Amino acid sequence: MILKKKNYTYLIFENSKTIEPYLINKIGLNQHQIVYYPDILFDHPFAEKALEVSTFEDQTIFQTPPHQLVILEVPHITHFLEAYKDWLDAMDQSKEPFYTVEERTVIDQSIKALRLSVNQKIQFEKACIAAKLQQMPLVTILHPYTLMIIKNKFERNQRLSQLLNQLYGEKNEN
Amino acid sequence: MKIKHIYIEEKILNHTNTQRILKHFPQAHQIIITDYRDLFNRHQQNFMAQKARQSLILAACKQDYYYKASSNCENYGHTRFYYTNVMMNCFYDCSYCYLKSIYNCGHFLIFVNNDAIINQIETNLLIDPSPLYLAISYNSDFFAFDQLTHFMPSWLTLARHYQNLTLEVKTKSPHFMLTKTPPKNVIFAWSLLPQSIINQYEQHTPSLTSRMEAINKALKMGATVRLSLEPLIPSDNSDKIYTDFICDLRNKIDFSKVDSINVGGFRISAQQMKNFTKKDPYAPVFAWPFVRTQTTVHYKAEASLLKIIKKALEEDQKTTKIYFFDE
């Protein structure tokens, strides 16, 4: 069974002969003469083991990045999904994003208001990262720029230059 | 070192070094693999996630035993300048580390066939009697992890045997574990930065104080020591931070006893910078603006940082060899 959730894709094998669920840390696909090692970068409550399968038609293993694939062998799939619901939910928790929603919004609004070119957008995004890492008040700095009406390229370039200086701050010249 | 998974190549499972390393991690799951490259070189890996939760890979080096050093490295006047990888990645987490820009994988790889690497170097490089400069810890902290690997004695033997060889061992080690005086042609180059910079950019690394203590122990033992002041990273108050840092070093370490000092900024090739940014876009190093030259990307503030250090080391230049990496 393939279960695609937000952060991980679960490849779950049912084996009524097993008593408890196992996390698979190595899977041999005889048909393809391939051995695959999912990256286990999370906490889990299971015993681990290797698994050999003779046929496996699904391409999930080859398409999913190794750190996003979780392979399990369980006695009964439905019972497993119920019993480990909390663990599965915890696995789907997102990391805190770098920018707050408000910051991301004001960045996007500034790009639009200043009518930045693709290169300028990259320059601006880099400066925003620097400002955020320097714990500068990004929303306060950017807000006036979201209200600007840019008439021509000269004015745009001038405003951007002024904004970049502000985001990097004069202290960078140390 | 919280290692939960160790991937071991089947062929080296019974190697003495493998068995010795495994004893340090009795709780870890051991997963037998055919070839480390199936893991280490595969695509679509998440270097940063792996780095945050490292596994260990024990393997045999099968090719590429050594490489010519990049022009971005200080060569100390040596024309035959090579480096070798006995390990790839490390347990430290320095946000400026360029390894994320060159490796697909963030797990820690150790080649247990250290002696085979030494043999290749002897056969191919040391057959030529001209001076050879060989860096053995560019892609990991070889010396700091020697308690785990015990590889150092073989390299010291090599250095004793070949006087045309200069071995550079770059480290952040808080210890100097050797019990005998190492040969003079082995340079222990300690990476040093102000403690406030270490706090911000060098996670899980030994403190400046502990590194200085290790340096003094090494000097007392008669080891050849270099102070490696790099990569210089800007700060809110760079002038004071770096000037105080040099004063602190001078107060705690007798500069007249060190072999040399080298100073350099954070520098990386443009292609590597592209990979670096892709893998770790919000790394603390991006708090400061960069400039791109023909060959490298470095901090806009690099020249002023070098100026601060040059001024702080002005008096020492008369008595100590100081190398400034200045493009």
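In which sense do S3(A) and strand S4 (residues 34-36) of chain A pair, and over how many bridges? They pair in the antiparallel sense, over three bridges, and the legends below, which describe a predicted model, begin with the surroundings of that strand.

**View 1. Strand S3 of chain A and the strands that pair with it.**
Strand S3 (residues 22-29) of chain A pairs with strand S5 (residues 47-53) of chain A in the parallel sense over seven bridges, and in this pairing Leu29(A) stands opposite Val53(A) of S5(A). With strand S6 (residues 69-74) of chain A, S3(A) pairs in the antiparallel sense over two bridges, where Tyr22(A) stands opposite Glu73(A) of S6(A). In the antiparallel pairing of S3(A) with S4(A), Gly28(A) has Val35(A) as its bridge partner. As a general point for reading such a view, the side chains of a regular strand alternate between the two faces of the sheet.

Most residues other than glycine have a negative phi, and most peptide bonds are trans. Arg115(A), in the loop between helix H4 (101-114) and helix H5 (118-133) of chain A, has a phi near 55°, a positive value in a residue other than glycine. Arg115(A) counts as partly exposed because it has 17 C-beta neighbours inside 10 Å. In chain B, Gln44(B) lies in the loop between helix H2 (37-40) and helix H3 (47-52), and its phi is likewise positive, at about 65°, although Gln44(B) is not a glycine. Gln44(B) has 11 C-beta neighbours inside 10 Å and therefore counts as exposed, the cut-off for that class being 12 or fewer.

**View 2. The cis peptide bond at Pro231(B).**
The peptide bond that runs from Glu230(B) to Pro231(B) is cis, with omega near -5°. Pro231(B) belongs to strand S13 (residues 224-232) of chain B.

**View 3. The surroundings of Asn104(B).**
Asn104(B) is placed in the loop between helix H4 (99-102) and strand S8 (108-111) of chain B, and it counts as partly exposed because 17 C-beta neighbours lie inside 10 Å. When residues up to four places away in sequence are left out, Asn104(B) touches Asn41(B), Arg42(B), His43(B), Gln45(B) and Phe47(B). Asn275(B) is 171 residues from Asn104(B) in sequence, while the two are 9.9 Å apart in space, C-alpha to C-alpha.

Chain B has 12 helices and 18 strands. Its radius of gyration is 19 Å, close to the 20 Å that the globule rule gives for 327 residues, so chain B is as compact as a globular protein of that length. The C-alpha trace of chain B spans about 55 × 45 × 35 Å along its principal axes, and buried residues make up 43% of the 327 residues. Of the contacts in chain B with a separation of 6 or more, 78% are between residues 24 or more positions apart.

**View 4. The side of chain B that touches chain A.**
The contact takes 29 residues from chain B and 22 residues from chain A. On the side of chain B, the elements that give two or more residues are strand S1 (5-9), strand S2 (29-33), H3 and helix H10 (238-252), and S2(B) provides the largest share, three residues. By class, this side of chain B has 14 nonpolar, 10 polar and five charged residues.

Note on methods. Residues numbered from 1 in each chain as written. Chains lettered and ligands numbered in written order. Predicted model: local features only at pLDDT ≥ 70, side-chain atom pairs only at ≥ 80, totals over all residues. Pairing = 2+ DSSP bridges. Helix = DSSP H or I, 4+ residues; strand = E, 2+ residues; numbered from the N terminus. Buried ≥ 20, exposed ≤ 12 C-beta atoms within 10 Å, placed from the backbone. Rg over C-alpha atoms; globule rule 2.2 N^0.38 Å. Contact = placed C-beta atoms within 7 Å. Nonpolar A, V, L, I, M, F, W, Y, C, P; charged D, E, K, R; others polar.
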